[in-house]
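Work through the exercises below with the sequence and the structure at hand, and try each task before reading its solution.

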Amino acid sequence: MRLSSETLAALPAEIDRFAYDRAEQEVGIVHYGIGAFHRAHQAWYTDLAMDRGDCDWMICGVSMRSKEVANSLNPQDGLYTLTARTGSTSITRVIGSVREVLFAPDEADAVVDRIAAPACRIVSFTVTEKGYARAFDGSLDIELARQSFYSSLARGLKRRMDSDLPGVTLLSCDNLADNGALLSSLVREWIRTECPELEDWFERKCTVPSTMVDRIVPRTSPADVSTLADTMGMEDLSAVFTEPFSQWVIEDEFANGRPAWDSVGAQLVEDVQPYEMAKLRILNGAHSFLAYAGLREGHEFVHEAIRDPALREQTERLMEEAASTVDAPSGLDLAQYRQDLIARFAEPSIRHRLSQIAMDGSQKLPQRWLDTALQYVRTGKEPKFFPAALDCWLWHLEDGRYVDDPHGEELTRLMQAEGRSSVIARCFFGSDERPALWHGYSELVSKA
Ligand code: CS2
């Protein structure tokens with residue numbers, strides 16, 4: 001038996017679930033990048049908000065690169081479970097907020113229809129760092145952008161404009177510095193080049209607030225799925241497993257309404273930046289360090305790496321240096337934040353693979369390490385963590401086993417042929433034909 005609308009009633013009573021009538025709810029959100037993270041985070045908050053009586057916020061998920069989620073979620077009518085684990089306790093809830101999943105390369109017109117529907121009020125994104133199709137200098141790479149969300153998004157917005165419908169909010173939920181401003185400027189570039197008649201309407205009618213998202217969501221393993229099937233008496237091929245902790249900080253600038261996410265734990269604030277800086281530099285910075293340093297030491301999971309005394313000490317030092325570059329958001333004690341993070345990382349029931357975090361380093365390291373190091377250098381201080389952390393990343397390129405990165409092939413080839421100094425030069429300076437991979441950080445090269 002498999003989880004679906006039909007089999008829902010047969011689930012054991014202790015499995016928590018929503019009480020709203022899904023069939024009555026309209027699709028209020030179109031979400032690009034419906035991976036495990038979205039299902040364990042924004043879709044979960046939305047499900048809880050609808051369960052408290054907020055209506056018409058069903059989600060149409062859009063997959064960009066693989067049909068996997070559509071193939072597993074659509075036969076389940078969009079239903080899946082979220083299991084929050086800690087120690088030996090796990091609590092499972094069925095999430096009802098996803099209506100359907102579209103696979104963008106085959107169903108672009110349907111994506112446009114959903115965005116252009118009067119009920120749609122928010123278009124959100126977890127497309128990962130590389131999904132924004134940025135060129136080396138941070139501007140939009142139009143050719144790359146053609147394979148991403150820009151075209152269907154702009155077509156959907158254009159239809160709204162032509163039908164005199166209200167604007168929408170674009171909500172980036174990716175781990176990028178200033179994700180709202182970044183998304184806004186990239187979408188504007190697309191519009192200016194591909195659909196200039198939309199420019200003024202977009203400016204006047206749509207908003208692009210920033211967000212900070214936090215929840216550790218390891219990739220689901222086949223063992224997780226089968227253990228859950230034993231307790232539920234049925235299979236869920238879209239199940240997600242995560243920690244109980246979750247944080248979502250959102251700038252309250254919505255063009256056309258939003259779910260009552262604040263009634264279920266999200267923080268609506270005026271300025272997300274201090275939260276996002278703390279999270280990217282301390283949590284994600286430490287995560288990336290643990291990934292490369294941990295793999296080098298032969299570990300497989302985050303909880304193993306952080307229990308290695310030498311790595312723990314280095315991680316604590318990195319966190320301390322990162323924290324010293326951050327203005328704490330009001331009410332947040334950064335020393336406590338760091339301690340809590342170590343405990344979250346050390347939780348053995350969250351089997352978070354280091355190789356999952358090691359992915360896409362070329363895209364992640366600027367906001368996780370380089371911004372911190374740059375701030376150090378510019379204030380005349382020595383960023384001690386930085387050479388050690390970069391050394392681990394370079395090791396991982398030399399080693400080659402875990403490299404999964406849009407620039408991975410080029411960097412590992414360069415590493416093999418010419419060694420570390422050429423890779424460093426490529427990252428910080430580039431060449432006439434190929435600009436620097438990390439634009440704007442050349443001051444750091446002497447520390448590399
Ligand atoms: C991780 C993040 O995969 C990664 O790079 O650092 O996904 C991390 O688990 C989340 O940002 C936690 O909120």
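The model is a predicted one.

**Exercise 1.** Find which residues lie around the ligand, and state which helices and domains supply them.

*Solution.* Begin with the list, which consists of Asn175, Asp214, Arg215, Ile216, Asn284, His287, Gln356, Ile357 and Lys364. Then turn to the helices, where α10 (273-296) and α14 (354-358) each supply at least two residues of the shell. Finally, consider the domains: domain 1 (8-269) and domain 2 (273-447) each contribute at least three residues to the shell around the ligand.

**Exercise 2.** Determine how helices α15 and α16 are oriented towards each other.

*Solution.* Two packed helices are described by the angle between their axes and the distance between the axes. For α15 (residues 361-378) and α16 (residues 385-399), the angle is about 170 degrees and the axes are 11 Å apart. Angles over 145 degrees count as roughly antiparallel, and α15 and α16 are therefore roughly antiparallel to each other. Their contact is made by Gly361, Leu365, Trp369 and Ala373 of α15 together with Phe386, Ala389 and Trp393 of α16, and these residues divide into six nonpolar, one polar and no charged.

**Exercise 3.** Identify the strands that stand at the edges of the five-stranded open sheet.

*Solution.* Write down the strand order, which is β6-β3-β2-β7-β8 with parallel pairing. The edges are held by β6 (98-103) and β8 (169-172), each of which has a single partner strand, so one side of each is left without a neighbour in the sheet.

Conventions. Residues are numbered from 1 along each chain as its sequence is written. This is a predicted model: local features need pLDDT of at least 70, side-chain atom pairs count only at pLDDT 80 or more; totals for chains, interfaces and linings use all residues. A residue is near a molecule or strand if its C-beta atom, placed from the backbone, lies within 6 Å of it. Helices (H or I, at least four residues) and strands (E, at least two) are DSSP runs, numbered from the N terminus. Domain bounds come from an automatic or database domain assignment. Axes are lines fitted to C-alpha atoms, for helices over the stretch in contact, and angles run from 0 to 180 degrees between N-to-C directions. Angles under 35 degrees count as roughly parallel, over 145 as roughly antiparallel, 65 to 115 as roughly perpendicular and the rest as oblique. Two residues are in contact if their C-beta atoms, placed from the backbone, lie within 7 Å. Ala, Val, Leu, Ile, Met, Phe, Trp, Tyr, Cys and Pro count as nonpolar, Asp, Glu, Lys and Arg as charged, and the others, Gly among them, as polar. Two strands pair if DSSP finds at least two bridges between them.
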